Amino acid sequence: MFFRRHWWALIYSLLLIAFTIYIAMNTFVVSEVYTVVTNDSSDQIQSTTTTTTQRDDTNSTTEASAESENNDEGSSGTTITESSYSDENITITITEYRENETSIYVADVVLASAEYLKTAFAQSAYGKNVTEKTSSIAEGVGAILAINGDYYGSQEKGYVLRNGVIYRDTASSDAEDLVIYSNGDFGIVSEGEITADELLESGAEQVLSFGPALVTDGEVSVSEGEEVGKAKASNPRTAIGIIDSLHYVFVVSDGRTSESAGLSLSELAEFMQGLGVTTAYNLDGGGSSTMYFNGEVINNPTTDGKTIKERSVSDIVYIGY
């Protein structure tokens with residue numbers, strides 16, 4: 001009797017539950033590839049109607065000759081140790097710090113050219129919920145050094161401009177982005193004040209949309225008072241900064257464990273400033289925070305503090321040929 005009287009309410013409830021599950025699965029689980037990308041960003045295969053825009057490169061050589069030259073450059077006079085890599089174009093030194101009861105890994109990077117600072121997508125594809133471990137993405141592109149990127153796939157808005165190609169030009173009005181220009185310089189912009197096309201025209205090679213900016217013009221640009229929510233808590237963190245022309249630092253801190261507490265954003269900013277950066281930017285943190293170097297993950301990534309393992313992410317920033 002009860003079911004007969006309330007059958008419509010039961011059906012409505014079941015439909016609502018089914019719809020909620022569908023939305024959650026579609027948002028966080030179901031993957032959808034929009035664009036397949038080869039290791040060379042200029043060679044792309046469109047798999048949907050998504051539009052990409054690429055900056056003209058009038059002084060580039062052919063893909064084959066460039067790849068050959070890069071391989072030759074990286075193969076001679078290379079010195080590799082557990083904490084360093086050096087050849088005629090790339091010098092990387094890894095140092096582990098201990099501050100604020102936290103283990104912090106710093107890769108000091110000096111390049112001969114900005115062409116060795118790159119980004120890569122998980123599974124060589126731009127899309128929704130397309131993810132892969134940082135180490136797997138790094139191995140796939142032959143990275144010497146890599147850190148997780150901005151996890152663009154967790155957002156529906158925010159510029160995605162990688163290796164000179166626009167993949168998403170939908171602005172998030174409150175987003176503060178890091179721009180890496182073709183000459184290797186860093187800049188901080190607000191998406192509400194400039195379009196993705198304008199950034200591309202100005203020479204942007206990469207745009208990372210996570211934030212906030214940690215250091216601007218050598219000064220800390222976040223404070224404890226500005227932090228809200230989980231940002232106040234100590235967490236694993238990932239950041240990138242520039243010290244001088246073609247001189248960078250990649251930084252990852254452990255956190256959420258008894259051995260390593262983690263950093264707040266203000267602590268991370270102060271640490272980056274202490275490294276001598278002029279500009280520093282916060283990337284995706286927490287369980288995503290991962291540093292890969294010479295074929296190994298060198299920090300202790302964790303989501304829950306109980307298990308040490310990598311979280312799959314949508315993209316990386318890396319150094320390589």
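**Notes on the predicted model**

1. The structure is a predicted model. Its largest nonpolar core holds 31 residues, of which Ile92, Leu145 and Phe250 touch the most other members. Strand β7, residues 102-111, gives the largest share of this core, four residues. Apart from this core lies another, of 18 residues, including Val215, Ala239, Ile243 and Met272. In soluble globular proteins, nonpolar side chains tend to be buried together.

2. When residues up to four places away in sequence are not counted, Ile92 touches Ser83, Ser84, Tyr85, Ala107, Asp108, Val109, Ile144, Leu145, Phe293 and Ile319.

3. The overall composition may be set out next. The protein chain contains six helices and 25 strands. Of its 321 residues, 46% are buried. Where contacts join residues at least 6 apart in sequence, 71% of them link residues at least 24 apart. The chain exposes about 15800 Å², and carbon and sulfur atoms supply 50% of that area.

4. Is Ser135 buried or exposed? Its relative accessible area is 11%, and Ser135 is therefore classed as buried, the cut-off being under 20%. This residue belongs to helix α4, which spans residues 134-141. The side chains of Ser135 and Glu310 are joined by a polar contact of 2.6 Å. Leaving aside neighbours within four places in sequence, Ser135 is in contact with Tyr292 and Val297 as well as Glu310.

5. The peptide bond between Gly211 and Pro212 is cis, with omega about 5 degrees. Pro212 sits in the loop that runs between β16 (204-208) and β17 (213-216).

6. Gln123, a residue other than glycine, has a positive phi, near 55 degrees. Gln123 is placed in the loop between β8 (117-121) and β9 (125-128).

7. Arg256 also has a positive phi, near 65 degrees, and is likewise a residue other than glycine. Its position is in the loop between β20 (247-253) and α6 (265-274). With a relative accessible area of 33%, Arg256 is partly exposed, because this value lies between the 20% and 50% limits.

Terms used: Residues are numbered from 1 along each chain as its sequence is written. This is a predicted model: local features need pLDDT of at least 70, side-chain atom pairs count only at pLDDT 80 or more; totals for chains, interfaces and linings use all residues. Side-chain values use heavy atoms; hydrogens and water are left out. Helices (H or I, at least four residues) and strands (E, at least two) are DSSP runs, numbered from the N terminus. Buried means under 20% relative accessible area, exposed over 50%, partly exposed in between (1.4 Å probe, protein chains only). A polar contact is a pair of N or O atoms within 3.5 Å; within protein, one must be able to donate a hydrogen and the other to accept it, and residues adjacent in sequence count only if both atoms are side-chain atoms. Contact means heavy atoms within 4.5 Å. A nonpolar core is a set of buried Ala, Val, Leu, Ile, Met, Phe, Trp, Tyr and Cys residues joined through side-chain atoms within 4.5 Å. Accessible areas come from the Shrake-Rupley method with a 1.4 Å probe; for residues, only the protein chains shown count as cover.
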